[in-house]
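Subject: Structure for you to look through

Dear colleague,

Please find the structure below, together with its sequence. Could you keep it open beside this message while you read?

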Amino acid sequence: MERRVIPESENRLVILYAMGVLGPVTGAQLLQFMVELDLMNYITLQLSMGELEEQGQILRRAHPGDALWDMTPEGRFTLESFGRRIPQSRRERMDREAGGYRARFRQEQLATAESFTLPDGTACMRLRLQEERSSLMELTLHVPAGQVPTTLEDRWRRCAQTVYEAVIAALTEGYAPDAPLLPTSEDTVRLVGEGDWLLMLSSGPDQPEIALLMPMPSEHLARWCAARWPEAGEALRRQVIRQLEEADGSLSPAEEVSDKGE
């Protein structure tokens with residue numbers, strides 16, 4: 001059966017409709033949605049998005065992970081005015097499938113991970129957890145070359161919330177608003193906004209085995225956490241690596257991260 005020729009205007013409306021049911025998405029996520037639902041191919045998507053961006057109907061905004069595409073008010077007006085021109089079958093397909101994609105895409109956006117090798121051969125894992133527009137936590141761990149867990153991103157998405165809760169629990173243990181503070185280094189806590197205090201912690205000045213960046217709502221709490229770090233930091237490093245290993249039932253030899261001191 002010969003497929004009908006889809007007008008360019010309909011392709012642009014489909015992109016707007018997809019953004020409407022999915023929310024903000026990365027370019028890779030939007031492409032996955034379009035291709036897997038047989039709505040559009042890569043070239044058509046890129047050309048149509050370019051036209052929409054030039055018309056001011058979509059925009060790319062910064063995000064702590066990857067930049068996200070979203071509709072502008074002009075794009076929403078266009079969709080509300082002309083969305084019914086998309087064939088009902090295509091609208092129903094997007095409505096039916098959007099829920100599962102939306103949940104998965106959000107998880108991908110909020111928990112991101114990358115690994116790279118430093119000039120001396122040491123491997124570095126950078127693990128991030130964020131809210132819609134702000135970072136909740138960034139962890140950097142150094143391990144011997146070749147010992148980064150496979151499928152790192154998938155593993156991190158499975159255990160990111162557990163790790164975040166463990167970090168908060170370890171660093172705030174015993175905290176009370178009126179508790180006296182132990183001395184801490186001035187370079188571990190910095191005011192970064194109105195009432196926002198950034199923890200900048202590491203296990204050493206030169207290529208630390210673990211480093212943590214985390215915003216705190218008050219200076220008192222931030223300094224308490226900084227004072228807890230020397231006792232809690234190494235245990236947290238071991239726990240993060242263990243959580244990454246256990247996030248997938250099967251481990252390869254390259255995933256048996258060496259953990260001196262355990």
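What follows is a short account of what was found, going from the whole protein to single residues.

This is a predicted model, in which local features need a pLDDT of at least 70 and side-chain atom pairs count only at pLDDT 80 or more, while totals for chains, interfaces and linings use all residues. Residues are numbered from 1 along each chain as its sequence is written, and side-chain values use heavy atoms, with hydrogens and water left out.

The protein as a whole

The protein has seven helices and eight strands, where helices (H or I, at least four residues) and strands (E, at least two) are DSSP runs numbered from the N terminus. Of its 262 residues, 46% count as buried; buried means under 20% relative accessible area, exposed means over 50%, and partly exposed lies in between, with a 1.4 Å probe and protein chains only. If we take contact to mean heavy atoms within 4.5 Å, then among contacts between residues at least 6 apart in sequence, 61% join residues at least 24 apart.

Helix α1

Helix α1 has 15 residues and reaches 21 Å from its first C-alpha to its last, close to the 21 Å expected at 1.5 Å a residue, the expected span being 1.5 Å times one less than the number of residues. This helix is mostly covered, since 12 of its 15 residues are buried, and those buried residues pack against α2, α3 (42-54), β1 (58-61), β2, α4 and α5. Just after α1, Gly23 takes a positive phi of about 85°. Thr78, which is found in helix α4 (residues 73-82), touches Leu13 and Leu16, among others, when residues up to four places away in sequence are not counted. At 17% relative accessibility, Thr78 counts as buried.

Helix α5 has 23 residues, which should span 33 Å at 1.5 Å a residue, and its end C-alpha atoms are 32 Å apart, which agrees.

The structure holds three aromatic pairs, and rings of Phe, Tyr and Trp (its six-membered ring) pair if their centres lie within 6.5 Å, with planes under 30 degrees apart counted as stacked, over 60 as edge-to-face and the rest as tilted. The rings of Phe33 and Tyr101 have centres 5.1 Å apart and planes at 90°, so this pair is edge-to-face. The pair links distant parts of the chain, with Phe33 in helix α2 (residues 27-36) and Tyr101 in helix α5 (residues 88-110), 68 residues apart. Both of these residues are buried, and together with Phe105 they form one aromatic cluster.

Cysteines and a strand residue

There are zero disulfides in the structure, a disulfide being a pair of cysteine sulfur atoms within 2.5 Å. Cys124 is buried, at a relative accessible area of 2%, and Cys159 is buried as well, at 3%.

Finally, Ser202 lies in strand β7 (residues 196-202) and counts as partly exposed at 35% relative accessibility. Leaving aside neighbours within four places in sequence, Ser202 is in contact with Pro208, Ile210, Ala211 and Trp229.

With best wishes
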